[in-house]
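Have the sequence and the 3D view at hand.

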Amino acid sequence: QATTEAYLGTNLDEKSHLDRITSQKVVDLSKLAAQVAGQIALRLVHDHILRLDVTKYSDVITKHVNAIIQRVDALKNKKVDKIDSLSTQWLNSARGSYSRAAASLNIDIQNTDLNDLEMCRIINNRIMKVKMMHNFLSPYVSLRDVPFRHIFFGSGRQTTTDLEKYLGDMPESNAGFNIDQVLNDFALLTWTIQGCANDLAGDIWSLDNEI
């Protein structure tokens with residue numbers, strides 16, 4: 001995906017070039033993609049509840065948030081200019097909100113009569129919002145410029161990996177450190193995770209969240 005993404009919308013975005021970079025395996029790859037799509041379609045038709053374990057994202061979020069907190073603490077130890085204005089409290093709180101909401105959703109699934117189609121529809125809507133555009137696919141970057149906009153598994157300016165790298169690469173001299181950019185990135189990341197928790201759990205304020 002990363003190899004072909006650079007050619008999207010250019011003169012190289014054509015079959016002969018795709019044949020070359022896939023070692024003439026376009027047909028084989030197309031068959032595999034069709035088989036996967038077929039299995040997904042069968043599951044969507046057969047299963048009443050979507051097989052997406054939203055709790056797995058809890059580990060992903062925790063890993064990235066902890067990495068960011070460690071980097072911020074390191075910068076504070078270096079006494080980077082204006083770094084004291086950066087708090088990780090709300091980001092960590094959003095992480096906790098998601099973990100609680102995901103666990104609560106799993107409990108709801110366990111307690112739901114899978115023959116109750118209306119309840120299954122409501123639960124499936126909550127699950128799908130984790131994957132859909134208005135959650136972990138960042139709305140703050142252009143789809144044309146960044147086709148894969150996932151904040152954890154994507155590539156580009158909107159990802160947590162990019163933020164971690166920026167914080168971790170800061171030299172001892174602190175030259176070029178843009179605190180306003182970092183504060184903005186923190187706000188967007190926190191709001192994205194919190195928004196996903198809201199959709200999973202409904203009224204997140206009932207979970208003793210003080211944001």
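This is a predicted model: local features need pLDDT of at least 70, side-chain atom pairs count only at pLDDT 80 or more; totals for chains, interfaces and linings use all residues.

Residues are numbered from 1 along each chain as its sequence is written, and side-chain values use heavy atoms, with hydrogens and water left out.

The chain has eight helices and zero strands (DSSP runs: H or I of at least four residues for helices, E of at least two for strands, numbered from the N terminus).

| Property of the chain | Value |
|---|---|
| Buried residues (under 20% relative accessible area, 1.4 Å probe, protein chains only) | 34% of the 211 residues |
| Contacts (heavy atoms within 4.5 Å) joining residues at least 24 apart, among those between residues at least 6 apart in sequence | 64% |

Now to helix α7, residues 160-168, where T160, L163, E164 and L167 are buried. Seen down the helix axis, these residues fall within an arc of 100° (taken from the directions from the axis to the C-beta atoms), so they line one face of α7. They pack against α4 (56-77) and α8 (179-201).

L167 also belongs to the largest nonpolar core, where, of 39 residues, Y98, F136, L167, F177, F186 and I193 touch the most other members. Such a core is a set of buried Ala, Val, Leu, Ile, Met, Phe, Trp, Tyr and Cys residues joined through side-chain atoms within 4.5 Å. Leaving aside neighbours within four places in sequence, L167 is in contact with I68, R71, V72, L75, F177, V182 and F186.

Technical notes. Buried means under 20% relative accessible area, exposed over 50%, partly exposed in between (1.4 Å probe, protein chains only).
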